[in-house]
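Please work through the exercises below with the sequence and the model open beside you.

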Amino acid sequence: MERHGLSYRFRNAIVRTPGKSVTEGLRDVDRGAPDHAVYLEEHETYVQALRRAGVEVATLPALEPYPDSVFVEDTALCLPEGFIILRPGAPSRRGEADSMALDCKNLGHPVLRLEGRGTVDGGDILVTDREILVGASERTDQNGFDELAAIVSKWGYTISLVRTPSDVLHFKSDCSVLGPDTILATHRLSGALCFSDYTVLEVPRGEEAAANSIRVNSKVLVPDGFPKTAGLLDSSGFDVTRVPATQAALLDGGLSCQSLRF
């Protein structure tokens with residue numbers, strides 16, 4: 001069943017202030033630690049971009065015991081029927097989900113959670129207007145997918161487990177939704193079978209990190225520093241807002257990772 005606008009029409013978002021401990025965040029390749037002061041500036045620019053796109057933003061306080069807690073998207077899947085608290089694949093991040101469950105309840109949102117031993121990171125979940133695609137990765141496994149599928153299937157969603165490229169941390173590191181029938185993807189995913197019924201815009205080579213852009217109402221937020229991708233989207237009729245994400249990138253993160261949008 002298609003739910004028009006589910007993937008990009010948002011009224012609210014939840015973000016979390018990066019803590020000083022963000023310098024100790026997880027990373028596959030050490031390209032240096034984030035600068036906390038710079039991250040705070042970039043995060044505020046990100047929040048303002050969300051607000052200019054028409055979203056009311058709730059900002060949660062920093063969680064110093066959890067260096068990666070700025071990446072709130074990995075902790076929950078937000079759907080109109082309720083918030084599903086996930087079980088992150090990295091053991092050091094499990095406490096973030098517990099905190100998010102309490103925060104969402106305090107904000108008045110209905111909350112369910114994955115209770116089994118399987119794992120799912122929100123960065124592996126791509127919600128389109130017609131289906132939910134979950135990328136199997138080092139952080140998301142079959143057991144976690146099965147439990148998530150049991151919940152959302154009862155709500156009438158079509159959900160599928162798909163492949164995340166072997167050299168990519170999260171499925172959404174390489175793709176994002178631009179509209180009801182349009183996907184932005186890297187060359188690693190542009191020809192994927194799961195996107196065969198969509199129009200796919202391929203990110204120019206060398207700008208793969210720009211695939212983690214986010215459509216928010218009429219705006220498409222694109223990480224700054226990728227002019228070819230921004231130009232591609234602009235020429236395709238999208239209203240592009242460039243947002244700095246240099247510090248998130250040092251922790252293998254991007255724009256979508258830093259907010260829960262609903």
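**Exercise 1: a sheet and its helices**

Strand β1 (residues 12–16) pairs with β15 in the antiparallel sense over two bridges, where strands are DSSP runs of E with at least two residues, helices are runs of H or I with at least four residues, both numbered from the N terminus, and two strands pair if DSSP finds at least two bridges between them. The model is predicted, so local features need pLDDT of at least 70 and side-chain atom pairs count only at pLDDT 80 or more, while totals for chains, interfaces and linings use all residues. Residues are numbered from 1 along each chain as its sequence is written, and side-chain values use heavy atoms, with hydrogens and water left out.

Step 1. Opposite A13 stands R261 in β15.

Step 2. The open sheet has three strands in the order β2-β1-β15, with mixed pairing; its edge strands, β2 (56–60) and β15 (260–261), each pair on one side only.

Step 3. Helix α1 (residues 36–52) lies across β1, β2 and β15 and runs at about 175 degrees to β1, the angle being taken from 0 to 180 degrees between N-to-C directions of axes fitted to C-alpha atoms, for helices over the stretch in contact. Helix α2 (residues 94–106) also touches β1, β2 and β15, at about 140 degrees to the direction of β1, contact meaning heavy atoms within 4.5 Å.

**Exercise 2: the largest core**

Task: state which elements supply the largest nonpolar core, and what V152 touches.

Step 1. This core has 18 residues, and L77, I125, I132, L148 and V152 have the most contacts inside it. Such a core joins buried Ala, Val, Leu, Ile, Met, Phe, Trp, Tyr and Cys residues through side-chain atoms within 4.5 Å, buried meaning under 20% relative accessible area, exposed over 50% and partly exposed in between, with a 1.4 Å probe and protein chains only.

Step 2. At least two residues each come from β3 (76–79), β6 (125–127), β7 (132–136) and α3 (142–154), and α3 gives the most, with five.

Step 3. Leaving aside residues up to four places away in sequence, V152 touches L77, L79, I84, I132, Y157 and I159.

**Exercise 3: charges over rings**

Task: name the ring under each arginine.

Step 1. The charged end of R3 sits over the ring of Y157, 3.7 Å from its centre; the rule asks for NZ of Lys or CZ of Arg within 6 Å of the ring centre and within 35 degrees of the ring normal.

Step 2. R130 lies over the face of Y198, at 4.1 Å from the ring centre.
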